[in-house]
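Please look through the structure below, then read the briefing that follows. The points are grouped by topic.

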Amino acid sequence: MSRVIGRVGARGIADLLQDWHSGRPSSRGLHRAVRRLVLDGRLPPGTRLPAEREFAEALGVSRTLVVRALELLREEGFAASRQGSGSWVRLPGDRANPDPGGWPPATGEFINLAQATLPAPPELTTALDRARCLLPEYLSGHGYQAFGLPELRELIAASYARRGLPTNPQQILVTNGAQHGFALVLRALVSPGERVLVEHPTYPNPLQAIRGVGAEAVAVPMLAQGWDLELMSATLHQANPKLAYLIPDFQNPTGIRMGADGRERLAGMLRRTRTPAVIDETLVDLDLTDGEAPAPVAAFDEGRVITLGSAGKSFWGGLRLGWVRAPEDLVQRLLLDRAAVDLGSPVLEQLLLTELLREPEPVLRRRREEVARLRDVLIAELAEHLPGWRFRVPDGGLSLWCDLGSPVSSRLVVAAEQHGLRLVPGSRFAVQGSLDRYLRFPYTLPAEELRQSVRRIAAAAAPLGGTSGPCPLDVPVN
Ligand SMILES: Cc1ncc(COP(=O)(O)O)c(C=O)c1O
């Protein structure tokens, strides 16, 4: 089921393999490390590996060691090679032709649960029509809107004010997505060797960004019911992180929301330890409860909190737009640093988002209703086919964080590929390995595909043991 979908260069794989050995490098160690990258989804099946010599040079090891590691991967079915075509990643039992030249396209039946993303709402096309009509006004100018279109910044600022956080448009920097915003903040505030506090589990891409600036992620484990604020306070004091990265609104992957009391306590500890925090609100619009939303964390500490927003989940990931809300002087600084990487976000997409933000509520309301319906379909299906899985019904967001009962998530991911299903193991949400008892299950596909997915997972899980059968806690915990 895999095909050649790209390649990873020698430098790229060396970055992914950071810290792959603590003592003497060995072929077994390299084989295990590459296998882990395949299992946790960082090296997708079909990725072509670098040539042996370059691979060896990038890791600073002998070519013989790399050759032997590749042999071990091939023996287990995690790699395939062909004379003249090099080696590429695959999954054991992959039934598709493992020849990088001769791929049949993936069948239409293949279901991808690796992403928790929704398709665009129909309003996006109407907004595009309006944006197209507005574009000519901008065409005679230079087109570089480094901070973002003024009207878009105003609408974003007004949306914070409606949520109880008065905001000046000068506090908004429009970015190419929330992840881009986080990367800019990291570059500005964190130096190599410094620490960044994160939740555990957490959204994996920021972890990669943290590693990318040579910093170290310090994990504070989440409890079943939410944040362990005592431990967070102790970690802030003891580890002295330069920054914290938190997702208090429908945390990815657990879906939990932090209440107003928690936000107040969090703001207090950030103040006492003088730690700036990035609060990622990417999922904030996907509230699936009837309750009243707490104010943004920044409302509890204006100076120390940097907020990330995104159009990705509220409207469409393909817009590639997000923003940073921060004190004005930091926005200025982010802009100066940004010039090293890019010079602003595309005007047409910003016009489109501006149009969507003029009247967002009808789109968001429908999105929430649809997502709640899909969540319930998934919960009902899991109760029937995988009654041993435990999960907390999420307050919002786009996925269930399932406890499988035993550490089989990576093996399940491999087995599921053979049932035409792409999953991401729990370990992908871990700071370093672990969490193999867990699986993130998004409810963003159409209902029938969700039903199919659960049945395929149940079939894939059956031979693994430990993931089915009644469980004393088989009622979703809320
Ligand atoms: C918590 C969180 N932050 C950031 C992102 C990425 O956002 P963007 O697409 O705006 O870069 C995602 C996407 O899944 C997410 O779940």
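Seven strands form an open sheet of mixed pairing, in the order β6-β12-β11-β10-β9-β7-β8; strands count as paired if DSSP finds at least two bridges between them. Strands here are DSSP runs of E with at least two residues, helices are runs of H or I with at least four residues, and both are numbered from the N terminus. The model is predicted, so local features need pLDDT of at least 70 and side-chain atom pairs count only at pLDDT 80 or more, while totals for chains, interfaces and linings use all residues. Residues are numbered from 1 along each chain as its sequence is written, and side-chain values use heavy atoms, with hydrogens and water left out.

- The edge strands are β6 (172-175) and β8 (216-221), each of which pairs on one side only.
- From one strand to the next, the twist averages 20°; axes are lines fitted to C-alpha atoms, for helices over the stretch in contact, and angles run from 0 to 180 degrees between N-to-C directions.
- Strands β7 and β8 pair in the parallel sense, over six bridges.
- V198 has A219 as its bridge partner in β8.

- Which way do the residues of strand β9 (residues 243-246) point? L243 and Y245 point one way, A244 and L246 point the other way, and all are buried (under 20% relative accessible area; over 50% is exposed and in between is partly exposed, with a 1.4 Å probe and protein chains only).
- Strand β7 (residues 195-200) runs parallel to β9, and three bridges join them.
- V198 stands opposite Y245 in β9.
- Three bridges also join β9 to strand β10 (residues 277-280), and these two run parallel.
- Y245 stands opposite V278 in β10.
- Between β9 and β10 the chain passes through helix α11 (residues 260-273), in a β-α-β crossover that is right-handed: with the strands pointing away from the viewer, the path from the first strand over the helix to the second runs clockwise.

**Two helices in contact**

- Two packed helices are described by the angle between their axes and the distance between the axes.
- The axes of helix α3 (residues 52-59) and helix α4 (residues 63-76) come within 8 Å and cross at roughly 115°.
- That makes α3 roughly perpendicular to α4 (65 to 115 degrees; under 35 is roughly parallel, over 145 roughly antiparallel and the rest oblique).
- The contact (heavy atoms within 4.5 Å) is made by E52, R53, F55 and A56 of α3 and by R63, V66, V67 and L70 of α4.

**Cis peptide bonds**

- H200 and P201 are joined by a cis peptide bond, with omega about 5°.
- P201 is in the loop between β7 and α9 (204-212).
- The bond from N252 to P253 is also cis, with omega near 20°.
- P253 lies in the loop between β9 and α11.

- D19, a residue other than glycine, has a positive phi near 60°.
- The loop that holds D19 runs between α1 (10-16) and α2 (27-39).
- Is D19 buried or exposed? D19 is exposed, with a relative accessible area of 65%.
- L435 is not a glycine either, and its phi is positive, at about 60°.
- L435 is found in the loop between β14 (421-422) and β15 (438-442).
- L435 counts as buried, at 16% relative accessibility.
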